[in-house]
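Colleague: Please take a close look at one part of this model, the aromatic residues and what they join, and walk me through it in one connected account.

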Amino acid sequence: MRQKIIFIDIDGPLAWGTWNEGPVTINGGRHGEFTIPYPWVKEDCDALKIILEETNAKLVLSSDWRFQFAFRQMKDIFQHYGIHPSNLLDMTCQFSLWNKLSRTSLEHERALQIVKWAKDNRTSNWIAIDDLDLYHTFKWLTTKTPMWRHVQVDGDHGVGGRLRDKVEECILKLNR
């Protein structure tokens, strides 16, 4: 059976509208305590947990949070919000040759990193949950990347809507 992968962004899908609520202390167990700048939204974390349970997928962090926190810390954050740390498999690359060659948009960079990870890991069954408009970038990037792989989620602030409202869409796309 091939592994199902969810490339997950944090701000937009899991943390939105909580920026003014202040930092949250995360108990990292033997790794010690640390703080994150603001809380994640429980209902959307619960939605992600349902998607993981229904599809048996694993997470690959594509969010900029991977620049601020170590992989172990990200596992602790997910656990704090009820998502078992074993669900976090990896993070996309932090370096892109494209950044050195030209200025690209955040959407283009994110899409390139996701497609690179999927190709390098021979993953064909994946979706990207993100508030960025990756749909058009996937379309432009290559005809081999189906645009249906993108699930745009942006809390209540944008065109994407909330993750909790897109559980069925995510499950259907991963169970194709």
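This is a predicted model: local features need pLDDT of at least 70, side-chain atom pairs count only at pLDDT 80 or more; totals for chains, interfaces and linings use all residues.

Modeller: Residues are numbered from 1 along each chain as its sequence is written, and side-chain values use heavy atoms, leaving out hydrogens and water.

The structure holds 9 aromatic pairs, a pair being two rings of Phe, Tyr or Trp (its six-membered ring) with centres within 6.5 Å, called stacked if the planes are under 30 degrees apart, edge-to-face if over 60 and tilted for the rest. One of them joins Trp 40 and Trp 65, edge-to-face, at 5.5 Å centre to centre and with 75° between the planes. Because Trp 40 sits in the loop between strand E3 (33–36) and H1, whereas Trp 65 belongs to helix H2 (residues 65–68), this pair ties together parts that are 25 residues apart in sequence; helices (H or I, at least four residues) and strands (E, at least two) are DSSP runs numbered from the N terminus.

Trp 40 also pairs edge-to-face with Phe 78, at 5.1 Å centre to centre and again with 75° between the planes. Here the link runs from the loop between E3 and H1, where Trp 40 lies, to Phe 78 in helix H3 (residues 71–80), across 38 residues. Trp 40 counts as buried because its relative accessibility is 4%, and Phe 78 does so because its relative accessible area is 1%. Trp 40, Trp 65 and Phe 78 belong to one aromatic cluster, together with Trp 19, Phe 34, Tyr 38, Phe 69 and Tyr 81.

In helix H7 (residues 167–174) the buried residues are Val 167, Cys 170, Ile 171, Lys 173 and Leu 174. Seen down the axis of H7, these fall within an arc of 165°, so they line one face of the helix; the arc is that of the directions from the helix axis to the C-beta atoms. The face turned away from this buried side of H7 carries the exposed residues Glu 168 and Leu 172.

How values were computed:
Buried means under 20% relative accessible area, exposed over 50%, partly exposed in between (1.4 Å probe, protein chains only).
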